Amino acid sequence: MSANALDRDVVTVRDVRHFYHKGGSSDLLVLDHVDLTLHDNEIVSLLGRSGSGKSTLLRIIAGLMPASEGRVAIRERLVSGPAPDVAMVFQSFALFPWLTVLDNVEIGLEAQGVPAPERRRRALAAIDLIGLDGFESAYPKELSGGMRQRVGLARALVVHPAVLLMDEPFSALDVLTAETLRTDLLDLWCEGRMPIRAMLLVTHNIEEAVLMSDRILVFSSNPGRVIAEIKVTLPQPRNRLDPAFRQIVDDIYARMTARAVGNAPKEGGFPGTGIGMILPHVSTNLLAGLMETLSGPPYDGRADLPALASALQMEVDELFPIAETLQLLRFAEVEGGDIHLTDAARRFATGGVDERKRLFAQNLMAYVPAVSHIRRILDDRPSHKAPRARFQDELEDFMSPEFADRTLHAVISWARYGEVFAYDEGAGVFSLENPS
Ligand code: ADP
Ligand code: MG
């Protein structure tokens, strides 16, 4: 890398891996060989589902925690401890309730030892910039969510960081407030009024990434790593309805589902194999609901995922696990950003309660190894009972306790619906009590 290239780079992340230690034998690998670079004058989005390690990566870049392996530099200086050139905005507003807006904004400068008059001047400038004029002496509880997030932004900008890291900054806001704040931020950025060099935005919202970024890094889950990079060259301000905009959104959807299909055709693409497969907790209501929706008009069994998401007002995080669970159960196939129902799903959608349970049980037993495994053990035991701990331990040979918990939770709710086996929450015991 030439000296020039380094000059332009505001943030460099090289070969970062991160494990969380999970008491017990299995560490949870959340980031694997993550590389990314933020150039001067760039907005980059990190787009990934929840749990993919995005917040972990931001905390590492900000120097709030060390990576297990790899290195991070801000303007060529290696990060080791809280980085002074970095400011962060969080999803929840993290304001001090007992301080006024002005004091909340100034506090970042106090830590840096900036003298009082200078602090005041810069805090007022940041408050003005971000549209909080007149609210200087208000307390956080007197402000709306949108205004509180503006205080968070002012507090980050007041230190004039080289890079602003934003962790899902709009996702706790209502739709209109979020849109206004995004537009205001972009206006300030495009007018060159933000006292920063680059922004890294973490989001699970594809449209938000396409609206705001010069580049989008698609982040995979389990473990998190950058699997695709998309440059967005559309001029600002961007229009969601512009066909070129839609095309980029479509393309990202396809990439985000491609991995699942490529890795494990028709298997939903969940990490792990056999009983070690990590399953998402998707309710049977959602699974049934999506099959019903897709089987009726206007879809007639097939839909474009982005169009479906926007029709159902869902985000990637919500729609993908449902689509992938249907794929695992062979009720759907997901390919190239499209989903289509299988014959079994069409029968499910038009069937009565008993037919639905029968179809669901049949595919659960055939395609979810953890379910057939538990059922076989219950069948074999004279008591037809087994404690949860037995399966929890087995799953923990393949995954972290947290994932084992989540996977069992999914298995229990699906098996209950299909009446494959029962589970007594209080006693923590699986049994064949209800099923015939
Ligand atoms: P994201 O921001 O993409 O939702 P996170 O970085 O918050 O993802 O989390 C990634 C994974 O690491 C998740 O499975 C989460 O449960 C786990 N995790 C996050 N923080 C910790 C922690 N302090 N200790 C153990 N596991 C954690
Ligand atoms: Mg997060």
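Is Glu 207 buried or exposed in this predicted model? Glu 207 is buried, with a relative accessible area of 17%; buried means under 20% relative accessible area, exposed over 50%, and partly exposed in between (1.4 Å probe, protein chains only). Residues are numbered from 1 along each chain as its sequence is written, and chains are lettered from A and ligands numbered from 1 in the order in which they are written. The model is predicted, so local features need pLDDT of at least 70, side-chain atom pairs count only at pLDDT 80 or more, totals for chains, interfaces and linings use all residues, and side-chain values use heavy atoms, with hydrogens and water left out.

**View 1. Glu 207 forms salt bridges with Arg 240 and Arg 246.** A salt bridge is a side-chain nitrogen of Lys or Arg within 4 Å of a carboxyl oxygen of Asp or Glu. In the pair Glu 207 and Arg 240, the closest N and O atoms are 2.5 Å apart. Glu 207 belongs to helix 7 (residues 206-212), while Arg 240 sits in the loop between strand 10 (226-231) and helix 8 (243-263), 33 residues apart. Helices (H or I, at least four residues) and strands (E, at least two) are DSSP runs, numbered from the N terminus. Arg 240 counts as partly exposed, at 25% relative accessibility. Between Arg 246 and Glu 207 the N to O distance is 2.9 Å. Arg 246 lies in helix 8 and Glu 207 in helix 7, so this pair ties together parts that are 39 residues apart in sequence. Arg 246 is partly exposed, at 26% relative accessible area. Shared partners join Glu 179, Arg 182, Glu 207, Glu 208, Arg 240 and Arg 246 into one network of salt bridges.

**View 2. A salt bridge joins Glu 106 and Arg 119.** The structure holds 29 salt bridges; in this one, the closest N and O atoms are 3.3 Å apart. Glu 106 is in helix 3 (residues 101-111) and Arg 119 in helix 4 (residues 116-129), 13 residues apart. Glu 106 is buried at 6% relative accessible area, and Arg 119 also counts as buried, at 17%.

**View 3. Helix 9 (residues 284-295) crosses helix 12 (residues 343-350) at roughly 95 degrees.** The two axes come within 9 Å. Axes are lines fitted to C-alpha atoms, for helices over the stretch in contact, and angles run from 0 to 180 degrees between N-to-C directions. Helix 9 is therefore roughly perpendicular to helix 12 (65 to 115 degrees; under 35 is roughly parallel, over 145 roughly antiparallel, the rest oblique). Ala 288, Met 291, Glu 292 and Ser 295 of helix 9 meet Ala 345, Phe 348 and Ala 349 of helix 12, contact meaning heavy atoms within 4.5 Å.

**View 4. Three strands form an open antiparallel sheet in the order 11-13-12.** Strand 11 (302-304) and strand 12 (332-335) stand at the edges with a single partner strand each, so one side of each has no neighbour in the sheet. The twist averages 15 degrees from one strand to the next. Strand 11 pairs with strand 13 (residues 338-341) over 3 bridges; two strands pair if DSSP finds at least two bridges between them. Arg 302 stands opposite His 340 in strand 13. Helix 9 lies across strand 11 and strand 13, running at about 90 degrees to strand 13.
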